[in-house]
Amino acid sequence: MNSKITKVTTHISPNESLIFERSHPGRAGFSLPPLDVEESALDEIIPRQLQRDDDLSGMPEVTEVDVVRHFTRISTWNYSIDLGLYPLGSCTMKYNSRLNEKVARIAGFANLHPLASESEAQGALEVIYELQQHLAEITGLPGISLQPAAGAHGEMTGVMIIRAFIDARDGKEASAQRRTMLIPDSAHGTNPASAHLSGFTVKTIRSTPEGLTDLDHLRELCAHGNVAGLMLTNPNTLGLFERNIQEICRIVHDAGGLVYMDGANMNALVGVARPGDMGVDVIHLNLHKTFSTPHGGGGPGSGPVCCTRELEPFLPVPRIVRTGSCSDRVQGKGSDTAIFKLDFNQPQSIGRVKAFFGNYGMMLRALAYILTHGHDGLREATEAAVLNARYIAHGLSSDYEKPFDAPPMHEVVFTDKRQARKGVHTLDIAKRLIDYGFHPMTIYFPLIVSGAMLIEPTESVGRQELDQFIEAMRSISREAFEDPDLVLNAPHTTRIGRLDEAAAARKPVLRWEPKQVDTEPRAVAGG
Amino acid sequence: MRYIPNSPDERAEMLRQIGVASIENLFDSIPEDLRLRQDLKVPAALSELELLAKFEQTAARNPAASRISFLGGGAYAHYSPTIVDHLTSRSEFFTAYTPYQPEISQGTLQAIFEFQTLVCQLTGMEIANASMYDGSTALAEAVLMAERITKRSKVIVSSAVHPQYLEVAHTYVQHAGIELRESLYCTETGTTLPESLAAIDDQTAAIVVQSPNFFGCIEDLKALGDKAHAQGALLIVAVTEAMSFGLLRSPGACGADIVVAEGQSFGVPLSYGGPYVGLFATRDKYARQIPGRLVGEAYDKQGRRGYVLTLATREQHIRRERATSNICTNEGLIALAATVYLETMGRRGVQQVASQCTQKAHYAAREIAKIEGFTLPFSAPFFDEFVVRAPIDASTLLDRLAREKAIDGGIALSRFDSSRPNDFLVCVTETNSREQIDALVEGLKQVSTTKSPRH
């Protein structure tokens with residue numbers, strides 16, 4: 001073979017480099033109209049010492065074609081919901097409708113400036129108000145703010161509301177004695193982090209062998225008299241409904257505390273049961289979970305907070321409220337002539353948690369989701385999600401250890417206990433699942449279950465694919481006994497193998513540097 | 001329901017297979033008296049056709065969205081190349097989760113690594129994280145980080161910082177034992193003067209300034225940084241108009257220790273205030289104190305380069321209440337949009353957009369200042385926003401300009417500060433043509449000299 005011809009054995013895409021390594025001076029991916037005003041000498045309008053002096057060195061110079069190919073190529077290295085089951089427990093990876101995307105891109109919303117006057121943005125405010133109404137109905141909690149940008153942000157907001165309420169109820173001095181937030185050992189890490197941010201000391205509640213909150217331990221902790229509240233996920237992170245929820249709320253309330261519910265698992269409850277009816281005082285929802293706004297590879301999210309009437313005065317400002325109808329009614333401009341307003345006059349509010357009104361684009365998508373489903377569809381989605389999880393629980397129970405007997409709700413936890421005898425652990429099973437064409441489940445969470453595999457199929461998956469998933473998992477279990485190395489060295493089908501994360505954390509390289517330009521790939525990617 | 005793959009028949013068959021008598025029995029673990037016995041009071045399902053019609057109708061009641069606009073103040077109308085929305089709309093990006101499984105998330109991870117690099121280049125800093133919710137929360141997190149680093153509890157914030165950013169900072173730190181003190185800006189220059197920072201002492205963790213500040217004025221970051229550093233305090237710089245990075249000396253080059261910014265200017269739609277993306281950058285030595293996710297380079301056994309989430313021991317899922325922040329989900333897809341934007345525009349494009357913004361804004365300022373009775377109250381240099389003082393009440397003026405001329409001419413500062421009734425903030429970007437600017441000038445002239453036709 002002619003040695004001058006470099007043969008590529010695989011397509012270029014496995015070797016797509018960083019954009020900075022493709023950059024070449026003089027390439028351009030943009031076009032702008034010519035400047036149409038008289039140009040001033042820059043030094044005359046902005047003094048030299050305030051001007052940039054590095055000529056933005058290092059920033060890429062590439063063409064539009066380069067950019068399109070670059071991102072299209074690297075995108076193919078991602079797994080995504082549109083490709084198939086994405087069974088991450090506690091993450092609710094359900095179908096992201098294109099219709100919702102279209103709604104969010106309607107020019108009247110997408111081009112609307114957040115500081116436009118209220119009278120010029122009535123449509124936008126109405127969307128917020130309408131979504132608030134629906135979420136209040138779904139949770140049974142009437143006070144609501146859509147300002148928090150994600151679940152953890154909603155948690156912080158909710159816990160600050162609890163603190164502000166207790167300050168107002170007991171007075172600052174007595175309130176200062178109530179600085180304990182109770183959190184079950186199965187909770188998400190964001191719960192204690194959010195409680196800490198609000199100035200609380202975290203005490204951990206044990207779970208029972210059945211996987212539920214230990215009531216005796218709860219009573220014992222509440223007896224100390226310093227409890228401000230409880231942060232509880234329900235169904236909990238083991239996928240089990242806390243059937244003693246009313247008793248739990250009673251114990252906390254009797255001790256002078258409030259109950260915060262982490263709504264991460266609302267996909268098991270919408271249309272079936274309402275946190276407000278259970279005795280919960282405040283909850284956050286994840287619009288990017290239960291209400292299908294796209295997760296986007298790590299956000300944006302949206303974490304509305306819903307609370308009782310009692311807690312409503314403490315919600316962030318501004319509130320979006322509806323006021324009486326206007327005189328347009330007589331002019332025949334539609335029957336609904338309500339006026340929506342921003343209400344800043346809330347002296348007990350915890351304050352603003354984000355500039356403007358929250359992740360508005362996510363609110364549009366969530367409202368479109370709710371209206372597309374209607375009351376029937378919302379309940380149907382919950383039923384289908386729970387049924388799918390139960391189907392997986394049933395299908396895997398002969399091959400994997402299921403640590404809790406109780407039937408799960410929308411997600412189910414298994415462990416690697418049996419496979420571990422052959423040296424095959426949860427991480428290996430997860431990686432091998434990739435070879436079967438599935439995204440792995442959530443692993444090693446909740447922390448209280450050794451070798452946890454938390455599986456949440458959501459309603460967005462059909463029976464054939466559930467069967468394929470179950471078959472893949474069973475096959476991996478067989479491999480663990482018959483050919484453990486196959487599983488231990490997985491994945492075998494991806495562009496790269498398992499990465500050395502420990503080395504990456506020891507000497508972190510967090511950005512590209514020009515001096516590291518190295519046009520020779522360290523190794524040619526295999527096919 | 002068309003989003004649910006299994007038909008009712010298939011669901012019935014699945015129930016039989018798992019030995020559950022009815023759908024209702026799936027919920028047996030929920031006490032009987034807690035189960036909803038009636039339908040949610042949510043309307044019946046809408047078809048695609050009905051839904052779109054409803055939202056189109058609602059959107060039509062946002063006339064501000066189609067106006068000629070000179071609104072800024074933390075959200076900016078810039079041109080976004082067509083490919084930004086197309087590439088971020090790829091399923092592989094927008095329907096993916098946080099990249100916890102690196103072998104099948106390299107697309108997202110590499111894009112974030114490029115994002116972190118771009119943020120470093122723009123801000124002049126050494127490291128940057130994978131994003132924060134927005135500029136305002138990024139600033140609040142920077143204040144908390146400064147307290148962790150210095151173990152000092154006083155933070156001095158310039159009152160020329162965006163008022164909503166100040167409010168968010170107050171909310172975040174109210175239980176953290178941090179005392180936030182506002183220092184006044186100079187009412188002649190419109191900037192924060194080093195001599196106004198008299199409260200700075202050896203208990204001060206940081207001083208916080210925004211540049212260009214809320215009034216559009218460019219701060220002397222170098223002088224402010226020297227003042228902070230002399231007391232062992234950090235300089236935190238916030239930037240709401242990220243396009244200014246294309247022209248102004250980077251905060252890093254001026255001695256900033258933490259730089260936060262709102263990245264909306266980089267190809268992200270206004271969308272009534274969100275989702276946007278917070279940029280967060282700092283010095284190498286603070287890598288273990290930074291909030292949020294970080295992506296780092298890693299290699300597999302064959303020596304192939306890839307990217308992973310790294311330094312996770314700072315984060316809530318490992319460290320729980322001792323984490324550097326409670327943040328989990330951030331703004332991944334918006335960070336991707338900013339990355340596509342910055343790579344498409346590139347080094348020269350960002351410079352040219354920044355240059356056009358400043359040239360057009362200065363043209364507008366010159367023309368407005370020529371109108372009888374209109375002045376520019378601040379003397380400091382500005383980038384693409386500036387304050388105008390009208391001869392009459394600014395909010396009345398702007399309301400009439402919108403109603404009579406269909407122009408959103410700016411933001412009345414009385415919304416934030418009642419002592420500035422006649423002042424308003426005008427923002428001009430590359431998207432405003434000369435024709436639009438001239439229409440604004442003409443409109444201000446007419447409206448300020450005539451009586452409202454309605455009143």
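**Close-up views of a predicted two-chain model**

**View 1. Crossing of two helices in chain B.** α11(B) passes α12(B) in a right-handed crossing, a crossing being right-handed if the near helix is turned clockwise from the far one by less than a right angle, and left-handed if anticlockwise. The contact is made by L397(B), R400(B), L401(B), E404(B) and K405(B) of α11(B), together with G443(B), L444(B), V447(B) and S448(B) of α12(B), where contact means that C-beta atoms, placed from the backbone, lie within 7 Å. This is a predicted model, in which local features need pLDDT of at least 70 and side-chain atom pairs count only at pLDDT 80 or more, whereas totals for chains, interfaces and linings use all residues. Residues are numbered from 1 along each chain as its sequence is written, and chains are lettered from A, and ligands numbered from 1, in the order in which they are written.

View 2. β11(B) pairs with β14 (residues 423-427) of chain B over five bridges in the antiparallel sense, and R389(B) stands opposite D423(B) in β14(B).

**View 3. The contact between chains A and B.** Chain A contributes 170 residues to the contact and chain B 159 residues. Helix α13 (residues 360-396) of chain A supplies the largest share of the side of chain A that touches chain B, 22 residues, helices being DSSP H or I runs of at least four residues.

How values were computed:
Two residues are in contact if their C-beta atoms, placed from the backbone, lie within 7 Å. Two strands pair if DSSP finds at least two bridges between them.
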